[in-house]
Amino acid sequence: MMRMIKAYWQHHRLLLLGFVATLTLTLFFLTRLITATLYWSNPAHQDVVISGWMTPRYIARSYQVDPDLLFDALDFDPAPGRPLTLRDIADTTGRSLPELSAELQAAISAARAEESTESVP
Amino acid sequence: MTEQLLALIPVYGFWLLLGVTFLSCLALPIPASIVMLTAGGLSASGDLGLWQAASGALIGAVLGDQTGFALGRSGGTALIGRLRANPSRAPLIDRATGLLQTRGMLGVFLSRWLFSPLGPWLNFASGAAAMSWPRFTLAGISGEVVWVTLYVGLGFGFADSIAALSQIGGALSGVLAAGLLTIGLGYVLHRATHDRLARHQDAH
């Protein structure tokens, strides 16, 4: 084995370095694949983190709640035209993003709590 | 940076997707897969037209492929000529260009979606190796249809798991592309040693 590697190093240095580099890269991505799969298979990590680029309807879809509920929580009427992101809404209403996100989280928790009591006979 | 890009999707829809896939097909570091997944998710929630997202991504990708191919053809042919000037390298270069001319279609098709990190490089290489343009275009368009349908479709179907999809998908395509390169280089290394030993024996 060592002799083979030595021969490669002597005669095909560039190829050997390339091979080692791509092998390292493969193992790196494999580790990432395993850690990402483990992380996301944990139910506690499956809820999306609300962030500025999201539209209220997208958040509603992610959390499987009624979009109108979220528009109510934000106290914001979806005007026709292009959809607004949470940051747009923060800018036009003069509120901060964390504030809006907290309001949405509260509304979602309330909706979920209601849903779980409804499902109990 | 990704966040700012994602925030532009509901604003510029079709044109943003077109620009993103176009640039990513030219090997620029643009997170095209997460943009397509997010566009699919926004379509599912009703904030973006699904056809708008998919057609923008597809047109951008096809135009990007064509641009890469043209760049390879105009600049790469001379580069290949220079590389061939070294007699020890010439057989390898000939084998690679021959492979692209005969089996290039499968490579182009698979590098659009299954080994997508390799896609842009294959565009340049196909142009440089003077692969036939209709064959490149046919394989390229069919591969891009799979790529766009896969990512926009997954985003649409699993709008609540886009972060998970993009991380797992990104790692998976990294494993596939780097793994394929490793196998390829391992094979070339093996062949090169084999050829050297054969020459060595002939000399005796």
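Trainee: Which residues are buried in helix 8 of chain B?

Mentor: A residue is buried if 20 or more other C-beta atoms lie within 10 Å of its own, exposed if 12 or fewer, and partly exposed in between, with C-beta atoms placed from the backbone. In helix 8 of chain B, the buried residues are Ile162(B), Ala163(B), Leu165(B), Ser166(B), Gly169(B), Ala171(B), Val175(B), Ala177(B), Ala178(B), Leu181(B) and Thr182(B). This is a predicted model, in which local features need pLDDT of at least 70, side-chain atom pairs count only at pLDDT 80 or more, and totals for chains, interfaces and linings use all residues. Residues are numbered from 1 along each chain as its sequence is written, while chains are lettered from A and ligands numbered from 1 in the order in which they are written.

Trainee: What do the buried residues of helix 8 pack against?

Mentor: Helices are DSSP runs (H or I, at least four residues), as are strands (E, at least two), and both are numbered from the N terminus. The buried residues of helix 8 of chain B pack against helix 2 (13-40) of chain A, and against helix 3 (32-44) and helix 7 (133-157) of chain B. Helix 8 covers residues 162-203, 42 residues in total, and reaches 61 Å from its first C-alpha to its last, close to the expected 62 Å. The expected span is 1.5 Å times one less than the number of residues.

Trainee: How many residues of chain A are in contact with chain B?

Mentor: Two residues are in contact if their C-beta atoms, placed from the backbone, lie within 7 Å. Here 33 residues of chain A are in contact with 33 residues of chain B. On the chain A side, helix 1 (2-11), helix 2 and helix 3 (56-63) are the elements giving two or more residues. Helix 2 of chain A gives the most, with 15 residues. That side divides into 16 nonpolar, twelve polar and five charged residues. Ala, Val, Leu, Ile, Met, Phe, Trp, Tyr, Cys and Pro count as nonpolar, Asp, Glu, Lys and Arg as charged, and the others, Gly among them, as polar.

Trainee: What elements does chain A have, and how spread out is the chain?

Mentor: Chain A has six helices and zero strands. The radius of gyration, taken over C-alpha atoms, is compared with the globule rule, 2.2 Å times the number of residues to the power 0.38. For chain A the radius is 25 Å, well over the 14 Å that the rule gives for 121 residues, so the chain is more spread out than a compact globule. Its C-alpha atoms fill a box of roughly 75 × 45 × 25 Å along the principal axes. Buried residues make up 22% of the 121 residues in chain A.

Trainee: Which residues have the most contacts inside the largest nonpolar core?

Mentor: In soluble globular proteins, nonpolar side chains tend to be buried together. A nonpolar core is a set of buried Ala, Val, Leu, Ile, Met, Phe, Trp, Tyr and Cys residues joined through C-beta atoms within 7 Å. The largest one has 48 residues, and those with the most contacts inside it are Val35(B), Met36(B), Ala39(B), Ala57(B), Val148(B) and Val152(B). Its largest share, eight residues, comes from helix 3 of chain B. A second, separate core of 19 residues includes Phe69(B), Ala125(B), Ala129(B) and Leu181(B).

Trainee: Is Val108(B) buried or exposed?

Mentor: Val108(B) is buried, with 27 other C-beta atoms within 10 Å. Its place is in helix 5 (residues 90-113) of chain B.
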